[in-house]
Amino acid sequence: MNLRKQHIIIILFAALLLGFAGAYFGVKLAQPNTMPEQSQQTKVDIPGTSQETSAPPENIEKVSQAFNLIKENYLNDVKDKQLIEGAIQGMLTTLEDPYSSYMDVETMERFNETIESSFEGIGAEVSTVNGKVTIVAPIKDSPAEEAGLRPNDKILSVDDESVVGMDLYEAVEKIRGEKGSEVVLEIQRTGVSDPFDVKIVRDDIPVETVYSEVKTVDGKKTGVIEITTFSENTAKDFSKELKKLEGKNIEGLVIDVRGNPGGLLTAVEDILKYFIPKNMPYLQIENQKGEKSKSFSELEEKKPYPISVIIDEGSASASEILAVAMKEAGYDVVGTKSYGKGTVQQAVPMGDGSTIKLTFFKWLSPDGTWIHEKGVKPTEKVEQPDYYFTNPVQVEDSIAYNHTGDKVKNVQVMLKGLDYKPGRTDGYFSRKTEKAVQAFQANNDLEVTGEINEKTAGQIQAKIVEKVRNGDDDRQKEKALNVLYE
């Protein structure tokens, strides 16, 4: 297949990166007469791409009637373009498919301006779930990650303006912005009783998608490759890093796709071709008619070293293609159940610079399993420490001895994670908790009061975020490394 900047098949999890140009990973144009790249496959017809045009439905005149009615009688002036694009948006909305959407000319122009370079924003992929803008995953080393945003966080408002029920692209336009500018997001998080605000300073968003390192496990050199998303250069970069690691004579490999929301189908296909032998498909695609096509590699045999994959609830779409294929090929998958997105979108140019992104296919595992809304279950379930899931603490009045509530409990879990000893983590501010707060304050040049004010809460949160980002106590990675040699 001839891959070009403006003509490519995609499989995408979600939507777009906050900072707009992040749509680079989720919205690429595609010729309507192309198929996902496959080898040794059964030829199938692609829905909606035949040369013959279906006859218009009998009631299509109703659309024209509504158009003329509005144009001739509506109180205010309305442009033809507004009505036509509104009709397109309306058709897509009735599908009730969060992955099918419309990008108008202006949106696509802004996208094309930034598609080749880094971009500015907060750095997170989002989707719409039940009318709410939902974080799929923050990007590695982005402001969103540094601020502690997590998969499945719901964005309720942006700078005090509600975005609930708002078109996804419109909401993203409010969240994106210039480097150095600040945005305040109101976040609703599962397990937290009240929404809370997160202040984020926008920045340049990194475009690297592949990171590697070497770990030593029981004296054995072990490669770790992290894939943050599947973009145009991911497979090439993965190949380069894999060769470097193999050049260092690694004896095992861990592939980490936690928080990876997906991306290009061809990218994950090209990576799987390094690991899935030709005696089994690495992927199946099912069209509207239920016809399936299977994709095979030309690989004679597996790698001579053991491999494991790490996933979590932020691993979606292309990440799940990789994880389930590796699992069914006999490799260990470590972590927690993945998101569960099993459809393939194709973005089709409309001829005027606008694009419709429409769900065309299901993707199935090598064994024919559809994981949509179910996710991929790990072979080794491993949860992270409790402090990985703590929340920003917003303090108006100081929290002190004898206070109770979720905020107290949250701080106690964070203090315990930072190796202080709050005595309990049930939400009662005890004397031991007070001593733990005092110890933290003394070690961080804060006024030693034993009470939690805004400054102390901010410092505790910052230390926790730093510890999580440094990978301290990463139980999932530790298990993925050790399971290689068990």
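Me: How do you know that a residue such as E246 counts as buried, exposed or partly exposed?
Reply: Buried means under 20% relative accessible area, exposed means over 50%, and partly exposed covers what lies in between, with a 1.4 Å probe and protein chains only. E246 has 28% relative accessibility, so E246 counts as partly exposed. The model behind these values is predicted, so local features need pLDDT of at least 70 and side-chain atom pairs count only at pLDDT 80 or more, while totals for chains, interfaces and linings use all residues. Residues are numbered from 1 along each chain as its sequence is written, and side-chain values use heavy atoms, with hydrogens and water left out.

Me: What makes K303 and E246 a salt bridge?
Reply: A salt bridge is a side-chain nitrogen of Lys or Arg within 4 Å of a carboxyl oxygen of Asp or Glu. The closest N and O atoms of K303 and E246 are 3.0 Å apart, so the pair meets that rule. The pair links distant parts of the chain, 57 residues apart, with K303 in the loop between β15 (292-295) and β16 (307-311) and E246 in helix α6 (residues 234-247). Here helices (H or I, at least four residues) and strands (E, at least two) are DSSP runs, numbered from the N terminus. K303, at 21% relative accessibility, counts as partly exposed.

Me: How many salt bridges does this rule give?
Reply: By this rule the count comes to 24 salt bridges. Side chains of opposite charge can pair when their charged atoms come close.

Me: Why is the contact between D141 and R469 called a salt bridge, and which parts does the pair tie together?
Reply: The side chains of D141 and R469 meet at 3.1 Å, N to O, which is within the 4 Å limit, and therefore they form a salt bridge. D141 lies in the loop between β5 (132-138) and α4 (143-146) and R469 in helix α11 (residues 454-469), so the pair ties together parts that are 328 residues apart in sequence. D141 is partly exposed at 38% relative accessibility, and R469 is partly exposed as well, with a relative accessible area of 36%.

Me: What makes V411 buried, and which residues does V411 touch?
Reply: V411 is in helix α9, and its 2% relative accessibility is under 20%, so V411 counts as buried. With contact meaning heavy atoms within 4.5 Å, V411 touches V393, I452 and I460, not counting residues up to four places away in sequence.

Me: How do you know that L69 is exposed, and which patch does L69 belong to?
Reply: L69 lies in helix α1 (residues 61-73), and its 53% relative accessibility is over 50%, so L69 counts as exposed. L69, I70, Y74 and L75 form a nonpolar patch on the surface, with about 460 Å² of accessible area together. Patches are made of residues with over 30% relative accessible area and no salt bridge, like charges being joined within 9 Å and nonpolar side chains (Val, Leu, Ile, Met, Phe, Trp, Tyr) within 5 Å. Accessible areas come from the Shrake-Rupley method with a 1.4 Å probe, and for residues only the protein chains shown count as cover.
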